[in-house]
Each structure stands twice: as C-alpha cells, then as structure tokens.
Amino acid sequence: NTYHTTTPVQQADKFWLKRDDTWEGPNSRGGKARTMDLICRWAKTHSKTEVCIAVDRNSSVPGMVSRVCRYHGIRLRIWLPAANAPLPPVFVEAVDNGASLEEIRPGYMSVRRKRLHDYVAASNNTAIELDVGLLLKIGEGNIGQDETSKQASNVLPLFRYGTIKRVVVPVGSGGMLRGIVDGLPEVPILGVCCGNIPTIAEAMPLNVKLIKSRHDFGDTVSATIGGVELDPVYEAKCVEHMQEGDLLWIVANRDTE
C-alpha cells in the first residue's frame, strides 16, 4: 500500500526538505491526500458512506478531498459560509466530483460545525465527521496524525547524527503538526502559523515553538528552495524564518495535490 511509503528527505543548499508533498495516491498527491486516502479506506471497512467536513471559502482542500472520496465511492458533504461571491474553483471541482455543499448563513465555524455534527448524529451511523485538519479520531488514536508521525522515521536520525538542527513546519489548523510532533519528540520544531495561532498551541510540548507569520492567511508568497516551488499560502511563508541546518517539512502544494 503506497500510503505506508516513507516520503524522501532531500538536501537543498544549506537546508533540508521533507518531501511529504511527493506522496502519491490514485489521483492525488501530498500529506493531506494520504490522510484522506486512509480515512476513505477506513470508512469503507466500517460501512460508512459519507464524509462530512466544514471549511472556509479560502480552503485549498475541497477539490483534493472530493477526488479521493470519488475514487473510493464515498460521498462528500461540505459545510461552508454562504456568500454572494462566486464559488472558488476548488469548490466547483468538488461539486463536479459529486460533493454536496451546505452553504450556511451566518457562516461562523461554530454554526457550521453544529449543523454538521447534528447531520452526522442523524445519519444512522453512516456518515463520519472530520475535525479541522482532516483528522478522524478513532479511540485514543487519530488516523491522519498516526500516519504522519510514522513519516518522521527518516528525519529523526538526521537530528540524532547532528545533520539537521531544527524542523520547520507550516501550520494551519495544526492537524499535520500534531502528527509531526508525535514522531519527533526530542527535535526542536518551529511552527509558522499561516493564520491565527491554533488552540492546540496550549498543548504543545517544550520542544515546539509556534510563531505567527507576518503575512495574513490570504496573502500569497512566492518562494523556492533547491528548485522546489513551495505552496504560496503555507510553506513559502516559512522561508524567511529558516536558518542553516533547518529541515522544512513540505506537507503539500495546492498546484500539484
């Protein structure tokens, strides 16, 4: 199964790159796609027929999520804020792939999550609710978080041998960060928050430091490292905070996922 493949680490000038963006599924790429692929596989084996997510209108993931769900034959329902503006392209793609949109007004995340939760509760146990960061909690574990932590297996030795000094991670909701932190318990980690600092900051261990990017979430930044084009909303905002010997964990790129 390709989702157990360890994605490579590459040296790039004075930096290192964890290329989690190179994970390839049947019709999608990147660490977030791996999480969705695992969730859909779990859903099928547990007689679940629909995945439900709540996202903002500037989210990059609906298109990718819809492709993975369509491949696995799982329905997708998306709660988003209603607006007079046209649907962003990733939502148009999601609809083309069979997703159902629930446009909510007022569109506060708390309202959307309540509507989503009520829908799942009334689904006769056939729908599942994903948390922010596309995470699905199963018992004491978490499908996306657990698999991401395994990807640290070729990063941890580089720190122990003194090859890398620190891991730099772009942070949105913090879903991928939690998995990375689990896999790198002794490694200094800098999380660059591309929006507001998420609430999980309070639960981070001492080896993790979170800072807020000076760019707003909706801003785009152009950056490359070692010829690798970085996602303009997430990874590219990390570059100005990097120091020699740092490893940048590249989660995905919206143009290739």
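Six strands of this predicted model form an open sheet with mixed pairing, in the order S1-S2-S14-S9-S10-S11. Strands here are DSSP runs of type E with at least two residues, helices are runs of type H or I with at least four, and both are numbered from the N terminus. Two strands count as paired if DSSP finds at least two bridges between them. In general, strands of a sheet pair through backbone hydrogen bonds, either parallel or antiparallel. Strand S1 (9-12) and strand S11 (208-212) stand at the edges with a single partner strand each, so one side of each has no neighbour in the sheet. On average, neighbouring strands of this sheet are turned by 25° against each other, direction ignored.

Before I continue, a word on the source. The model is predicted, so local features need pLDDT of at least 70 and side-chain atom pairs count only at pLDDT 80 or more, while totals for chains, interfaces and linings use all residues. Residues are numbered from 1 along each chain as its sequence is written, and side-chain values use heavy atoms, with hydrogens and water left out.

Within the sheet, S9 and strand S10 (residues 189-193) run parallel and are joined by five bridges. Val169 stands opposite Gly191 in S10.

I turn now to the largest pocket. Its space is about 1000 Å³, a volume being the space filled by probe spheres set on grid points, which are joined across faces, edges and corners. On a 1 Å grid over the protein atoms alone, a pocket is an open set of points where a 1.4 Å probe fits, with protein on both sides within 12 Å along at least five of seven lines; lining residues have an atom within 4 Å of a point. Of the 43 residues lining the largest pocket, Val132, Gly133, Gly172, Ser173 and Tyr234 are the closest to its centre. Which helix supplies the largest share of the lining? That is H7, with four residues. Strand S9 (166-171) and helix H1 (31-45) are among the elements that each supply at least two.

Finally, two backbone details. Arg105 and Pro106 are joined by a cis peptide bond, with omega about 0°, and Pro106 is in the loop between strand S5 (100-104) and H4. Asp13, in the loop between S1 and strand S2 (15-19), has a phi near 60°, a positive value in a residue other than glycine. Most residues other than glycine have a negative phi, and most peptide bonds are trans.

Notes
Axes are lines fitted to C-alpha atoms, for helices over the stretch in contact, and angles run from 0 to 180 degrees between N-to-C directions.
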